[in-house]
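Try each task before reading its solution.

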Amino acid sequence: MRVLVAGATGAMGKELVPRLVDAGHEVFAMIRSESNKARAAQLGAVPVIADALDRAQVEAAVREAAPEVIVHQLTAIGHIDTRHFERSFAATDRLRIEGTDNLLAAARAAGVRRFVAQSNGAFTYTRTGGPVKTEQDSLDRAPVSQMAAMIAAIEHLEKAVLGAAWTEGIVLRYGAFYGPGTSMAPGSEQLEMIRKRKFPVVGDGGGLWSFVHIADAAEATVAAVENGGRGVYNIVDDDPAPVAEWLPELAAMLGAKKPLRVPRFIGRLAAGEAGVVLMTELRGASNAKAKRELGWHPTHPTWRQGFQVVP
C-alpha cells in the first residue's frame, strides 16, 4: 500500500517507517523542511514537504503522495516540565487539533481509505473507578487545570478521526514510551534525574503507569495500518505498575540509590499538581483488544524486561 506518515522523523517515525518499508509498503514521509529530506530518505521513505499547520501545503503533499493510508504521528514533545505541563504540551496540542483537521481534510479530498492517529493512553484516562482501563472507559472528565488543554486536544483528535465516516478511522492510545529517541532513552534528562535521585516518589506512589517500548508501539502501528478496524486501541505492555514499584526498580538498574520519598504537599510545590497526579492518581490500561483484534503482542511484555535495555 501507499502510506503517508506525518511525523516520520520523530522517535516513532524512525521506528515505524523502516518497518512499513520492510513490510513491502511504499512509504511517503511528510516533513516540514528541506533539511529533513536526507533523514527521511535514509529511513526508506519518499519525502514530501509540508507544514502540518498550513492546510494548503498539507493538501498539496497528500495529493503528491496519493496514499491509501495516512498515519498521523505529529507531536512536538520535548522534556516535560510537570510544573508547567500545559507549556510542555502546547505545540503538540496545536498539532493534535489543527494538524489533525488539516490532515483529515486532505485525506478526504484524496480519498484516503484508512487514517491511523497517535493518541495517549498513559496520562489521560479517568482517575475514578478500577485501576486498569479499557478502550470503553472515558478520558478524564475533571482533569487538573495544567492537564486540561492536553486532554482536550486528545479528545478533539479522537472525535475527529473516529467521526470521519468517509474513512476507516483508527486511534492508537499509546502508553508511556521508553527506548531509543524517547524521554526514557540512555542519557536522557529523565533517566539522569533518576540516577541523581532528583526524581522522587510522591505520596504513596500509587499512580499506575502503562508503558510500551517504542519498537513495540511501531509494530502495533504497522498492524493497525494493515488490518486494523475502525476504533480505539490501547497500545501498552502487559504489566501496568505503580510508580512506587517501577521507579525504584529502574533506579536500581541505573545503579542509583533508591528514590527519595516526599509527601504530596512537597511534591505539589516541586512538580505541580500535574506531577502529583502522575505520581499518585493515574490509571493503567489494558491491551487485550489490541492483542485480540490486531494480532499484536509486545516483544517487551513487561517494563521489567524492557527497562533492562535502557541503561
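The exercises go from the whole chain to single residues, and the model is a predicted one.

**Exercise 1. Overall build**

Solution: 
- Start with the secondary structure: the protein chain has 11 helices and 15 strands.
- Along the principal axes, the C-alpha atoms fill a box of roughly 55 × 35 × 35 Å.
- Then check burial: 54% of the 311 residues count as buried.
- Last, look at contacts between residues at least 6 apart in sequence: 78% of them join residues at least 24 apart.

**Exercise 2. Threonine 82**

Task: Decide whether threonine 82 is buried or exposed, and find its partners.

Solution: 
- Locate threonine 82 in the loop between strand E4 (69-72) and helix H4 (85-110).
- Apply the cut-off: buried means under 20% relative accessible area. Threonine 82 has 18%, so it counts as buried.
- List the contacts beyond four places in sequence: Gln146, Ala271, Gly272, Ala274, Gly275 and Leu278.
- Pick out the backbone oxygen of alanine 271: the side chain of threonine 82 reaches it at 2.8 Å.

**Exercise 3. A surface patch**

Task: Find which residues form a nonpolar patch on the surface together with Ile266.

Solution: 
- Find isoleucine 266 in helix H9 (residues 264-280).
- Its relative accessible area is 32%, so isoleucine 266 is partly exposed.

Technical notes: Residues are numbered from 1 along each chain as its sequence is written. This is a predicted model: local features need pLDDT of at least 70, side-chain atom pairs count only at pLDDT 80 or more; totals for chains, interfaces and linings use all residues. Side-chain values use heavy atoms; hydrogens and water are left out. Helices (H or I, at least four residues) and strands (E, at least two) are DSSP runs, numbered from the N terminus. Buried means under 20% relative accessible area, exposed over 50%, partly exposed in between (1.4 Å probe, protein chains only). A polar contact is a pair of N or O atoms within 3.5 Å; within protein, one must be able to donate a hydrogen and the other to accept it, and residues adjacent in sequence count only if both atoms are side-chain atoms. Contact means heavy atoms within 4.5 Å. Patches are made of residues with over 30% relative accessible area and no salt bridge: like charges are joined within 9 Å, nonpolar side chains (Val, Leu, Ile, Met, Phe, Trp, Tyr) within 5 Å. Accessible areas come from the Shrake-Rupley method with a 1.4 Å probe; for residues, only the protein chains shown count as cover. A salt bridge is a side-chain nitrogen of Lys or Arg within 4 Å of a carboxyl oxygen of Asp or Glu.
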